[in-house]
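Here is a short report on a ligand site and the elements around it. Please look over the sequence and the structure before reading on.

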Amino acid sequence: MLKTRTCAEQLLDIQTPQVMGILNVTPDSFSDGGKFTQIDSALSQVEQMIIDGASIIDIGGESTRPGALDVCEKDEIARVIPVLIAIKQRFDIVVSIDTSKAGVMAEAITNGAGLINDVRALQNNGCTAIMAQSDIPICLMHMQGLPRTMQVLPQYINLIDDIKKFFVERIEQCNQAGINRQRIVLDPGFGFGKTQAQNYQLLAQFADFQSFNLPLLAGLSRKSMIGNLLNREVDERLAGSLTTAVLAAQQGAKIIRVHDVKETVDALNILNAVAEQA
Ligand code: 9MG
């Protein structure tokens with residue numbers, strides 16, 4: 001489990017891939033349909049994810065699936081922060097908050113979040129300033145467009161180079177705001193403004209992002225790129241999700257964001273056993 005040193009120090013040091021368990025506290029989340037909106041059921045899901053081997057729990061109060069409805073800051077805080085507080089009171093686990101809103105980030109940091117996961121890479125007003133006042137890590141994810149429209153004709157000059165350029169700019173922006181490079185995690189954002197072919201190209205070339213020498217996060221669990229290829233509904237995508245998790249980890253992903261913690265931990269343990277023999 002990630003503990004004792006600051007989260008940023010631990011991130012720098014991750015040797016084997018860690019599993020980040022997804023906890024959606026949205027009524028419209030695409031794969032668990034809002035089952036975990038109550039604190040008690042959220043806590044029991046978290047307990048199970050910890051037993052199953054998750055090192056980080058990622059709480060999201062606003063769905064980022066294509067076409068999802070916007071949630072105002074007040075409502076997002078009301079959904080996410082009580083769950084964060086309850087988890088921190090009960091468990092010794094790093095809690096990540098999936099948000100793009102400065103006010104949610106501020107509340108999350110005050111209440112013990114160990115990581116901010118921002119699919120908009122701190123581009124919203126006030127976000128870099130809030131992060132600069134703290135010392136916790138930040139995951140900068142690449143997205144082309146916004147969730148409502150991002151799957152309408154995504155276009156790149158060169159997919160990998162364009163995403164790298166975006167990371168260079170965002171890292172520089174963070175640097176100028178006083179956010180130390182060592183607090184940054186990068187995520188190329190599978191499914192966020194990418195066609196099916198682009199998503200698989202990203203997975204094929206995931207290792208290219210190791211050139212930043214920063215921890216890489218991969219979120220592929222149950223995504224449409226798996227469902228579309230295999231013709232599987234959301235609850236039939238486990239085999240596809242595990243395969244993509246292993247492929248990303250093999251290419252240097254240090255944090256794998258998933259719904260199915262136990263199965264992913266098993267798959268990564270096999271990968272690690274092989275890596276130790278190589
Ligand atoms: C919130 N969220 C949904 N999908 C994601 C992904 O692929 N990466 C990150 N960092 N967050 C995600």
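Predicted model: local features only at pLDDT ≥ 70, side-chain atom pairs only at ≥ 80, totals over all residues.

Residues are numbered from 1 along each chain as its sequence is written, and side-chain values use heavy atoms, with hydrogens and water left out.

**The ligand shell**

The shell includes Thr64, Asp98, Asn117, Cys139, Met141, Leu217, Gly219 and Arg257. By class, it holds five nonpolar, three polar and four charged residues. Here Ala, Val, Leu, Ile, Met, Phe, Trp, Tyr, Cys and Pro count as nonpolar, Asp, Glu, Lys and Arg as charged, and the others, Gly among them, as polar. Strand S5 (138–141) and strand S7 (216–219) each supply at least two shell residues. Strands (E, at least two residues) and helices (H or I, at least four) are DSSP runs, numbered from the N terminus.

The table lists polar contacts, meaning pairs of N or O atoms within 3.5 Å.

| Residue and its atom | Ligand atom | Distance |
|---|---|---|
| Asn117, side-chain N or O | nitrogen | 2.7 Å |
| Gly219, polar backbone atom | oxygen | 3.2 Å |
| Arg257, polar side-chain atom | nitrogen | 3.4 Å |

The ligand taken alone exposes 300 Å², and the protein buries 96% of that. Areas follow the Shrake-Rupley method with a 1.4 Å probe.

S7 runs parallel to strand S8 (residues 253–258), joined by four bridges. Two strands pair if DSSP finds at least two bridges between them. Gly219 stands opposite Arg257 of S8; Gly219 and Arg257 are both among the residues around the ligand. Leu216 and Ala218 point one way from S7, Leu217 and Gly219 the other, and all are buried. Buried means under 20% relative accessible area (1.4 Å probe, protein chains only).

S4 is also covered on both faces. Leu115 and Asn117 lie on one side, Ile116 and Asp118 on the other, and all are buried. S4 pairs with S3 in the parallel sense over three bridges. Ile116 of S4 stands opposite Ile97.

**Helix H4**

H4 spans residues 102–110, and its buried residues are Ala102, Gly103, Val104, Met105 and Ala108. They pack (heavy atoms within 4.5 Å) against helix H3 (73–90), strand S3 (94–98), strand S4 (115–118) and helix H5 (127–132). Just after H4, Gly112 has a positive phi of about 100 degrees.

Technical notes. Buried < 20%, exposed > 50% of the residue type's maximum accessible area, 1.4 Å probe, protein only. Near = heavy atom within 4 Å. Polar contact = N/O pair within 3.5 Å; in protein donor to acceptor, adjacent residues only side chain to side chain.
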